[in-house]
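Please consult the sequence and structure displayed below.

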Amino acid sequence: MNEGLRSELSKQGIFTTTLGDLYNWGRKNSVWPLQFGLACCAIEMIATTMARYDLARFGAEVFRPSPRQADLMIVAGTVTKKMAPQVVRLYNQMPEPKYVIAMGACAISGGPFKQGYNVLKGIDRFIPVDVHIPGCPPRPEALIHAFMTLQKKIETQQLTGVNRPRHLDAEAPSEFPVPKFGGHDLEPPNNPAVWHAPKLVREP
Amino acid sequence: MFMETAIDTPESKYEILPKTLSNGEMDGELLEVAMGPQHPSTHGVFRMDVVLDGEKVVKLKPVFGYLHRNHEKIAENTTYLASMPYTDRLDYLCSMTNNWAYALSVEKLAGLQPPERAEYIRIITGELTRLVNHTCLVGFLLQDMGALGTPLMYAFREREMILDLFESLSGSRMMCNYMRFGGCRVDLPAGWLEQAKRAVDSYSGFLDEFEKLLTENEILVARTQGIGVLPPDLAVNASITGPMLRASGVNYDIRKVDKYGIYDRFEFRVPLGDHGDVYDRYMIRLLEMRESVKILNQALRDIPAGPIVDPKAKLRGFRPKVGEAYGRIEGPKGELGFYLISDGTPNPYRYRVRPPSLINLTVLEDMCLGQDVADVVIILGSVDIVLGEVDR
Amino acid sequence: MIIGEFFRGLFLMIWRVATDQPEAKADLLAVFPPSARPVISAVLTVSPIIGIFATLFALTTLLERKGLGRIQNRLGPNRVGPFGILQPVADGLKMLTKEDIIPRSADALVHFLAPVVLAVPTILAFAVLPYGRNLVPVDMDAGILFFFAVGASTELAIFMAGWSSRNKYSLLGAMRAIAQMISYEIPLIISSVSVIMIAGSLSPVEIIAQQGRYLAGGFVPHWFVLTPWGLAGFIMFLIASLAESNRSPFDIPEAESELIAGHLTEYSGFKYALFFMAEYFGMFAVSGLAVTLFLGGWHAPFEFLEIVPSYVWFFAKLMGLVCLFIWVRGTVPRLRVDQLLNFAWKFMLPLSLLNLVVAAVWHFTAAWEFPGAGLGRWLLGAVMIGVPYVWLGRALSGSKKITQRTYRFAD
Amino acid sequence: MVMETLEQIKARIENAISGAKPEIIPNESPSAQRSLLLDPAHAVEVAKFLRDDSQLRLDYCSNVTGVDWLDLIIKEKVKVKKVVEGVEKEVEEPVERKRPGYLEAVYHLYSMALKHGPLIIRLRTENRADKNHVPSLTPVWRGAEFQEREIYDLYGIIFDGHPDLRRILMWEGFADHPMRKDYVEPDDYEYEPTPHDEVLEKTKQHHSPEPKP
């Protein structure tokens with residue numbers, strides 16, 4: 001059914017939907033986050049669920065303490081090298097479909113603590129991230145915006161074809177290797193399947 | 001037995017320990033549980049390796065470092081002023097007092113004296129921070145006790161009002177980066193004092209409401225009284241500070257002892273507990289909030305006009321003389337100190353944070369032994385830790 | 001022809017149900033051959049029950065989230081459909097399509113069976129509740145006994161879940177659940193025994209029939225909750241049923257801040273949804289029983305309101321109790337395991353046994369005929385249960401040295 | 001209450017504990033917080049004395065920290081007698097003296113009973129490599145427990161007599177002591193948006209410059 005026919009029908013009071021749209025609608029409106037905070041941003045994440053900002057309006061106040069029941073991991077704060085394996089493991093323990101929001105500068109890139117010897121320079125070195133929120137820490141409104149961005153992303157996903165989401169692609173991995181503690185650094189320091197160093201373009 | 005093989009978490013030490021009777025025979029098994037680093041009640045990324053006999057705790061070892069983000073190393077590689085925003089992120093619930101402690105230490109090191117108005121602003125923002133911290137702590141404590149968010153929601157509602165004040169003052173809700181060596185960054189915006197007065201005036205009403213909801217709740221009383229008792233001599237020897245120390249009955253408040261800033265001008269009392277259990281720690285914080293409201297009322301009444309920065313202080317090329325200084329304040333969580341060694345360069349040679357949260361955890365095992373798992377959670381909650389400060 | 005008969009029967013059935021008439025299914029069943037009638041009859045009975053309670057479950061989750069939101073002065077879900085009414089649908093869709101994980105080291109069979117074993121008895125318990133005048137799925141003489149018998153098997157399911165997950169938190173949760181549910185089963189049953197004694201019947205229909213009279217010109221219903229033993233029994237029944245359905249402040253088996261999610265820690269997707277549903281179904285069932293035993297079942301509060309269809313009253317009372325549960329959940333912190341068990345064995349059990357004596361006294365003083373006898377009976381019962389309540393409460397809290405404290409101040 | 005001066009305390013320590021040789025470390029900065037250097041052999045005894053002495057009662061060990069002092073080359077001019085052109089003369093000559101590096105543990109002591117302080121005591125190791133032992137003061141003040149563990153973790157000072165000396169912040173199996181001044185970080189600067197000199201050098205090792213068309 002094409003878009004024109006569908007809008008014509010809806011004008012007549014007949015709503016049509018496809019199974020895929022229904023699936024996306026269900027996923028989009030019931031994103032339960034994992035109750036998981038790392039650092040400063042976690043407080044703003046909590047503030048987002050509180051009375052003034054009320055993430056519950058989107059049906060997302062069901063913070064699940066167990067990764068098995070969660071859909072969304074909000075990586076809120078600095079991921080240290082000591083914590084990174086646990087973060088990856090938690091991600092692996094979540095059932096598909098699962099999403100990741102990297103909240104705050106630290107989770108994106110190490111942020112202000114980038115120079116630290118124990119700071120992972122961005123969680124996207126190990127797991128795929130759906131939405132990045134800049135800020136240190138981002139305001140609750142920014143988290144809500146990221147949440148809505150994620151909803152939009154889910155809504156527009158094609159369930160078949162090359163652009164289908166990762167969890168519907170049998171080839172794509174659902175679990176990612178957990179890094180090990182080495183003598184000086186994590187081993188490996190990043191997951192090359194997920195992340196590669198950006199190209200350095202600098203004026204001479 | 002069915003628990004012998006480990007779950008696929010190589011890092012956690014899931015193992016069965018033999019439990020021996022007095023005659024040396026094996027009797028049952030002890031259960032070792034790693035609570036954390038991701039656990040709803042550990043207030044961040046903190047791990048407790050707990051050995052349980054049934055539900056009773058027989059051993060508890062805290063494991064730190066999951067948020068060790070090298071604050072001290074970074075600070076030693078940058079200028080004095082550039083560390084100021086990092087101090088915000090130490091104890092991320094109370095950035096103002098962190099700023100204050102750092103500014104105080106540098107002022108000691110460099111011999112600066114903030115002007116009167118700046119001292120007043122520091123006291124106002126510092127006490128507001130104490131209100132924020134204690135309110136949130138009580139909310140989190142009740143959350144740990146299973147009150148499903150309602151007290152926390154009320155606490156955060158009040159927190160937002162104070163955060164509005166901080167935001168209009170410094171431009172940021174949580175990470176204020178407001179104080180400077182020898183004063184404060186900007187002067188109060190127009191109308192700020194009136195807004196602050198309104199917030200402070202409504203706060204006693206909120207505290208009454210909060211106490212009505214909680215303090216005499218029978219379940220709260222039954223869950224907290226006699227739990228996690230900390231005797232005063234152990235508290236002193238283990239360098240416990242802040243409300244936790246005073247709940248054990250030791251009269252030591254740095255605002256009174258050091259009289260830093262201009263605290264000697266204000267009239268306030270230091271509440272002391274007699275039992276040193278979770279209930280006392282909870283009550284001491286509530287009483288401290290009432291005293292803070294008193295201080296705030298006096299400060300908001302008396303604040304003079306004038307400059308806000310010491311004219312001697314300079315932002316560029318700030319190089320303190322060779323030497324060292326240790327400055328400390330009574331932070332909401334306890335003694336927050338900064339130890340600085342200067343070698344005459346723009347960067348500190350040694351920069352050290354004395355974290356109250358970490359040191360208050362020294363006695364965690366002592367308080368938890370013999371208690372239930374459910375008690376461990378609220379004892380930890382009553383210690384009041386923020387992992388940013390514990391691990392730095 | 002047959003189709004016409006079928007629709008006529010269907011229409012008559014709906015009409016009779018809606019207007020409280022007996023033998024609602026008769027015309028519809030007559031369409032079918034006699035050999036098929038028992039099966040068709042069962043389907044006709046079961047499907048509305050499951051449908052209605054599933055809808056009620058969805059609405060209650062929304063009501064709970066909205067209600068908790070209002071208690072915590074925020075809005076609650078409001079983006080999906082008008083007023084967020086479609087939120088449970090979205091949640092359900094997502095749960096159904098979520099990946100189902102069985103941990104590598106778990107006992108796969110038991111892990112799979114546990115939610116089924118939990119869901120079946122909670123639905124079975126609905127069979128004996130009278131939902132309205134002439135609306136009882138199975139009119140069993142020993143209905144109450146059946147209810148408690150099937151209700152008891154939920155403990156097994158929870159233990160299966162906790163044990164098979166091979167997770168330490170799950171195991172601790174399961175242990176707690178067993179201790180808690182077995183302890184509270186006893187006051188739950190004993191507090192309903194007083195009703196059975198007075199009514200002299202184990203049949204829910206008979207118990208409701210005995211509460212169908214009105215006093216004082218139709219303005220005071222003859223509900224058991226309005227007697228001293230009934231009131232005490234009702235309160236104890238409510239407390240015990242909170243514990244039975246693992247609701248706050250007795251949500252110890254799945255204590256979020258202590259045991260992650262207790263026995264549910266390793267469950268994901270649809271199995272988790274089943275657990276979730278069974279928990280709510282259990283709450284409905286036990287509230288339904290409370291309505292039946294103490295609140296006069298489907299009878300209206302005032303005689304002139306009996307014209308309103310009876311099932312409306314039943315579900316109104318049921319939802320009232322559910323709202324009470326939500327209110328409690330939003331207000332109080334959680335108890336500790338030992339306190340919970342102490343409360344069950346040292347406080348609830350003696351009081352509920354004593355309540356039996358009070359009920360017996362009530363029964364034997366029915367023959368009193370001096371002026372003010374009714375009030376005298378009432379006061380006698382109230383004193384008999386009230387004085388031990390106060391005494392026991394003091395004695396127990398006194399032993400724990402819980403005191404009012406004063407604080408010193410240093411200047 | 002005002003504490004005794006550092007000189008008085010030093011004299012009393014020397015009186016009370018034979019063989020203890022505390023040394024006053026000056027501090028020229030406006031804070032004027034001078035400190036007392038203790039010799040490791042008597043440190044625990046001195047610490048007990050400081051804690052239990054009725055006039056000091058330093059029962060509260062507030063802050064314990066490590067400091068890393070690198071090898072230092074001190075340039076100074078020394079007058080030497082030299083035969084210059086047959087005449088013995090006194091000539092100033094630049095001499096480079098090498099002060100070997102050491103690690104230091106600094107304790108800030110206060111008194112909760114008498115409400116005074118701080119008294120700062122320091123313990124030094126002999127060098128930064130192998131002779132890095134100092135006695136632990138945790139048996140005297142339990143508050144030092146985690147902080148000494150932290151110093152062990154980050155600086156590599158070994159505290160003899162510490163009840164539970166393990167790494168606290170870094171993971172078990174981590175090889176380095178990252179707060180030392182000569183610690184080299186693992187090189188994972190793949191890119192850096194703000195070009196610091198040092199970082200630019202590092203990035204050059206990873207990236208060849210873009211080929212010019």
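## Domains of chain B

Which domains does the domain assignment of chain B give? The assignment lists domain 1 (2–63) and domain 2 (71–391), with bounds taken from an automatic or database domain assignment.

The model is predicted, so local features need pLDDT of at least 70 and side-chain atom pairs count only at pLDDT 80 or more, while totals for chains, interfaces and linings use all residues. Residues are numbered from 1 along each chain as its sequence is written, chains are lettered from A and ligands numbered from 1 in the order in which they are written, and side-chain values use heavy atoms, with hydrogens and water left out.

## Interface between the two domains

The C-alpha centres of domain 1 and domain 2 of chain B are 34 Å apart. Contact (heavy atoms within 4.5 Å) links 16 residues of domain 1 of chain B to 18 residues of domain 2 of chain B. The two domains of chain B bury about 1600 Å² between them, 66% of it on carbon and sulfur atoms; buried area is the accessible area (1.4 Å probe) that two parts lose on being put together, summed over both. Of the area that domain 1 of chain B buries against domain 2 of chain B, 39% is supplied by B:H43, B:V57 and B:L60, more than by any other three residues.

Two salt bridges are counted between domain 1 and domain 2 of chain B, the criterion being a side-chain nitrogen of Lys or Arg within 4 Å of a carboxyl oxygen of Asp or Glu. B:K61 forms a salt bridge with B:E365, with the closest N and O atoms 3.0 Å apart.

## Helix α14 of chain B

Buried means under 20% relative accessible area (1.4 Å probe, protein chains only). Among these buried residues are B:D375 and B:S382. Just after α14(B), B:D384 adopts a positive phi of about 70°.

## Interface between chains B and D

Between chain B and chain D, 46 residues of chain B are in contact with 47 residues of chain D. Chains B and D bury about 3800 Å² between them, 52% of it on carbon and sulfur atoms. In chain B, the residues that lose the most area to chain D are B:K73, B:E324 and B:Y349, together 17% of what that side buries.

Five salt bridges are found across the interface of chain B and chain D. D:R142 forms a salt bridge with B:D366, the closest N and O atoms being 2.9 Å apart.

Notes: Buried means under 20% relative accessible area, exposed over 50%, partly exposed in between (1.4 Å probe, protein chains only). Helices (H or I, at least four residues) and strands (E, at least two) are DSSP runs, numbered from the N terminus.
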